[in-house]
Amino acid sequence: MGAIERNGYQFIPEFSVIQQKGAIHVYNRNHFIEEIKFAFSGKFPEIDQIEELVNHYCEDHQI
């Protein structure tokens, strides 16, 4: 699962299968902005779940 790019922003997902927790690190031009935390079940988070989180973030921040 690689980075998602939108209008100069990068969204880099990371997750722990053992803890069933993940985070999406948000960068703008290589500067860390914030971390979006989320929970998931199974062996890894669904790609649709990550894309939905990124879409909501972009809408909320007018990206």
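**Asking how we know: a predicted chain**

Tutor: Welcome! In this predicted model, 29% of the contacts between residues at least 6 apart in sequence join residues at least 24 apart.

Student: Which elements does the chain have, and how do they run from the N terminus on?

Tutor: The chain has one helix and four strands, and from the N terminus on the elements run β-β-β-β-α.

Student: What makes the radius of gyration agree with that of a compact globule?

Tutor: Set the two values side by side: a compact globule with 63 residues would have a radius of gyration near 11 Å, and the chain has 11 Å, so they agree. Along the principal axes, the C-alpha atoms fill a box of roughly 30 × 20 × 15 Å.

Student: Now Asn28, please. Where is Asn28 found?

Tutor: Asn28 is in strand β3, which covers residues 21-28.

Student: Why does Asn28 count as buried?

Tutor: Buried means under 20% relative accessible area. Asn28 has 18% relative accessibility, so Asn28 counts as buried. Of the 63 residues of the chain, 29% count as buried.

Student: What makes the pair Asn28 and Tyr9 a polar contact?

Tutor: The cut-off for a pair of N or O atoms is 3.5 Å, and the side chains of Asn28 and Tyr9 are joined at 3.3 Å. The pair therefore counts as a polar contact.

Student: Which residues is Asn28 in contact with, leaving aside neighbours within four places in sequence?

Tutor: Those residues are Gly8, Tyr9 and Ile33.

Student: How many positive and negative side chains does the chain have?

Tutor: There are 5 positive and 10 negative side chains, and the centres of the two sets lie 6 Å apart.

Notes:
Residues are numbered from 1 along each chain as its sequence is written. This is a predicted model: local features need pLDDT of at least 70, side-chain atom pairs count only at pLDDT 80 or more; totals for chains, interfaces and linings use all residues. Side-chain values use heavy atoms; hydrogens and water are left out. Helices (H or I, at least four residues) and strands (E, at least two) are DSSP runs, numbered from the N terminus. Buried means under 20% relative accessible area, exposed over 50%, partly exposed in between (1.4 Å probe, protein chains only). A polar contact is a pair of N or O atoms within 3.5 Å; within protein, one must be able to donate a hydrogen and the other to accept it, and residues adjacent in sequence count only if both atoms are side-chain atoms. Contact means heavy atoms within 4.5 Å. The radius of gyration is taken over C-alpha atoms; the globule rule is 2.2 Å times the number of residues to the power 0.38. Lys and Arg count as positive and Asp and Glu as negative; His and the chain ends are not counted. The place of a charge is taken as NZ of Lys, CZ of Arg, CG of Asp or CD of Glu.
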